[in-house]
Amino acid sequence: MAINNPFLNPAFSMASLTAAINLLPNRYDRLDQLGLFAAKPVRTRTIVLEEKAGVLNLLPSLPVGSPGTVGIRGKRTLRSFVIPHIPHDDVVLPEEVSGLRSFGTENEFASIAAVLAEHLDNMRTKHAATLEYLRMGALKGIVLDADGRVLVNLYDEFKITPKTISFKLNVDTTNVLEKCLDLKRYLGKSLMGERMSSVQCLVSPEFFTKLVTHPSVVDAYRLFNESQILRSDMRSGFPFAGVTFEEYAGEASVPDGSGGWVTKPYIEAGEAHAFPLGTIDTFATYFAPADFNETVNTLGQPIYAKQAPRHFERGTDLHTQSNPLPLCQRPALLVRLTAT
């Protein structure tokens with residue numbers, strides 16, 4: 001009797017696989033947990049951001065009967081960004097599903113679905129790590145590709161100078177409280193009509209160690225730990241002077257330029273990156289649609305998945321792709337901190 005190809009079942013269609021891969025857990029989601037980069041699906045592969053710089057000036061007093069001053073309109077600036085395309089392929093070989101179809105039956109979907117789910121989970125993890133890497137780049141102001149190529153330099157696009165504050169944690173007499181206040185004052189002045197609820201700082205392990213052992217911080221850290229030290233890992237968030245310092249040890253393997261791979265931390269040793277939380281429209285991740293016939297002019301999904309039989313039915317190719325562009329639309333609110 002004729003044996004049907006189980007992969008032709010609607011359960012393995014592009015829509016079903018895309019829905020399945022987007023439901024898988026995101027294992028690299030610290031920035032997503034913070035609620036920073038809200039997903040903004042778009043229908044095109046290019047986005048245009050419009051900036052309207054408001055002009056605020058004091059009004060002078062004039063003699064009675066004088067004509068009033070004329071209002072000055074803010075200038076509008078358009079910036080265009082191309083959303084990167086990140087494809088990833090895998091294959092389900094016959095030996096992986098051999099024996100799963102029982103003799104005398106047309107198909108056995110449960111076991112084949114389990115094999116597909118394992119592949120999709122692995123592919124989802126790689127896309128998640130990549131998105132976290134891109135979002136961390138947006139927090140630094142420079143979004144880099146996996147090979148180190150610059151995708152977007154927000155400082156160049158907005159024509160601003162990156163802000164760096166040296167905490168001088170190698171000097172015992174440094175007033176860390178004053179440094180935190182300087183950071184908060186700068187962010188407050190740079191909001192320019194935005195709002196924030198708090199200040200978050202993702203720090204490298206080296207920065208965190210120097211911070212909590214600094215003479216002007218060590219007592220505050222000890223007091224903060226006294227009631228929690230046996231049940232909490234304080235590296236997950238230590239508030240000091242209104243700034244929450246969180247150790248972030250994310251890392252990924254990237255090409256080393258000679259055909260090999262090297263592990264690269266998302267935050268350089270001895271550095272930290274501060275940013276505001278609770279903003280309205282400062283951070284976003286734009287998702288473009290996939291380059292499939294059925295997705296043209298549709299709103300983008302975080303990840304797409306599709307399968308197709310190999311030549312001579314010698315396995316099934318799996319294709320996934322993501323088209324994300326994380327952006328900080330107010331890069332003046334990004335502050336790099338150094339321990340020295």
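Predicted model: local features only at pLDDT ≥ 70, side-chain atom pairs only at ≥ 80, totals over all residues.
Local features here need pLDDT of at least 70 and side-chain atom pairs count only at pLDDT 80 or more, while totals for chains, interfaces and linings use all residues. Residues are numbered from 1 along each chain as its sequence is written, and side-chain values use heavy atoms, with hydrogens and water left out.

Side chains of opposite charge can pair when their charged atoms come close. Here, a salt bridge means a side-chain nitrogen of Lys or Arg within 4 Å of a carboxyl oxygen of Asp or Glu. Going by that rule, the model has 10 salt bridges.

One of them pairs R27 with D121, whose closest N and O atoms sit 2.8 Å apart. R27 is in the loop between helix 1 (14-23) and helix 2 (30-33), and D121 is in helix 4 (residues 109-140), so this pair ties together parts 94 residues apart in sequence. (Helices are DSSP runs of H or I, at least four residues, numbered from the N terminus.) R27 itself is partly exposed, at 48% relative accessibility; buried would mean under 20% relative accessible area and exposed over 50%, with partly exposed in between (1.4 Å probe, protein chains only).

R135 and D32 make another salt bridge, with 3.8 Å between the closest N and O atoms. This one also links distant parts of the chain, since R135 belongs to helix 4 and D32 to helix 2, 103 residues apart. R135 is buried at 5%, whereas D32 is partly exposed at 39%.

Then there's D145 with R149, a salt bridge at 2.7 Å from N to O. D145 is partly exposed at 23%, and R149 is partly exposed at 45%.

Technical notes: Helix = DSSP H or I, 4+ residues; strand = E, 2+ residues; numbered from the N terminus.
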